Amino acid sequence: MVRKTLIAGNWKMNGLQEDGVALAKGVALEAKKRARKDCEFLVCPPFTLLTSVKKALKGSRVMLGAQDCHYAASGAHTGDVSPVMLKDLGCQYVIVGHSERRTNHYETNELVAKKASAAIEAGLKVIICIGETEAERDAGKTIDVCSAQIMGSVPENATAANTVIAYEPVWAIGTGRTPTANEVEDVHAAIRKVISKKLGRANANKMRILYGGSMKPSNAKELLALPDVDGGLIGGASLKVADFMAIAAACPTLTK
Ligand code: PGA
């Protein structure tokens, strides 16, 4: 029993001040009511909401994360935000290598690894996202693609204590489609083997691997029950307090 379930909300580019604060307060209140104190909660709002959401979460058990960072601590990088700045603001986590960044901003495994390494260096925990496209899945390459992404995107300083992996099939994100439970478990188990090869068995056994991609109250129970699924990275359904908390409530066990 070493892996605590993590229920993480990725708000993406959503929310103005008022909505963001209301959502954060709602999640904080519901999380407080829960008897299931072992399950961890995280919300990752856009940069513009980090300060106000931090205030809204004050005194609650819900953690704060950002959705991306640069790898440098400071400097001439117009439009970027550094991991040191995120740490300074009060973030505990940062997501790196989300498929929307890999696609829309041409982020490579090498860049993702640099960002993750710098974030860990700054004292943040990282959620490193991986996942195959539909064409890769159709070609039977899911495990090869995910293995290559783990080998290339997970930095040398990653440990089970500072790193979480999120398996998010690109074709499942925001589409309402998901792989079958068996497929998810197969990929998660394969990911754990690759982590073992890269970071050793102890880290692999303790590292959390989240599933992401159209997770919702109706499929959360089955997905979260899988032996190698240690939580969820939730996009659309994290924008509604009731859906986000229903996913947490569907979690059958608190640790694996
Ligand atoms: P979704 O997004 O839950 O809306 O599919 C998940 C993600 O992209 O992290």
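This is a predicted model: local features need pLDDT of at least 70, side-chain atom pairs count only at pLDDT 80 or more; totals for chains, interfaces and linings use all residues.
Me: In strand 8, which residue is the bridge partner of Leu6?

Reply: Gly231 is the partner of Leu6. Strand 1, residues 6-10, runs parallel to strand 8, with 4 bridges between them.

Me: Which residue stands opposite Gly232 in strand 8?

Reply: Tyr211 does. Strand 7, which spans residues 208-212, also pairs with strand 8 in the parallel sense, here over 2 bridges. Strand 7 and strand 8 belong to a right-handed β-α-β unit, together with helix 10 at residues 217-224.

Me: How do I read the two faces of a strand, and are those of strand 8 covered or open?

Reply: Side chains in a regular strand alternate between the two faces of the sheet. In strand 8, residues 231-234, Gly231 and Leu233 lie on one side, Gly232 and Ile234 on the other. All four are buried, so both faces are covered.

Me: What volume does the largest pocket have, and which residues lie nearest its centre?

Reply: Its volume is about 460 Å³. The lining has 21 residues, with Phe47, Gln67, Asp68, Arg101 and His105 nearest the centre. Helix 4, residues 99-104, gives the largest share of that lining, 3 residues. By type, the lining of the largest pocket has 8 nonpolar, 8 polar and 5 charged residues.

Me: What about the second largest pocket: what is its volume, and which residues are closest to its centre?

Reply: The volume is about 220 Å³. Among its 17 lining residues, Gly174, Ser214, Gly235, Gly236 and Ala237 are the closest to the centre. The lining of this second largest pocket divides into 6 nonpolar, 8 polar and 3 charged residues.

Note on methods
Residues are numbered from 1 along each chain as its sequence is written. Side-chain values use heavy atoms; hydrogens and water are left out. Buried means under 20% relative accessible area, exposed over 50%, partly exposed in between (1.4 Å probe, protein chains only). Two strands pair if DSSP finds at least two bridges between them. A crossover is right-handed if, with the strands pointing away from the viewer, the path from the first strand over the helix to the second runs clockwise. On a 1 Å grid over the protein atoms alone, a cavity is a set of points where a 1.4 Å probe fits but cannot get out, and a pocket is an open set with protein on both sides within 12 Å along at least five of seven lines; lining residues have an atom within 4 Å of a point. Grid points are joined across faces, edges and corners, and a volume is the space filled by probe spheres set on the points. Ala, Val, Leu, Ile, Met, Phe, Trp, Tyr, Cys and Pro count as nonpolar, Asp, Glu, Lys and Arg as charged, and the others, Gly among them, as polar.
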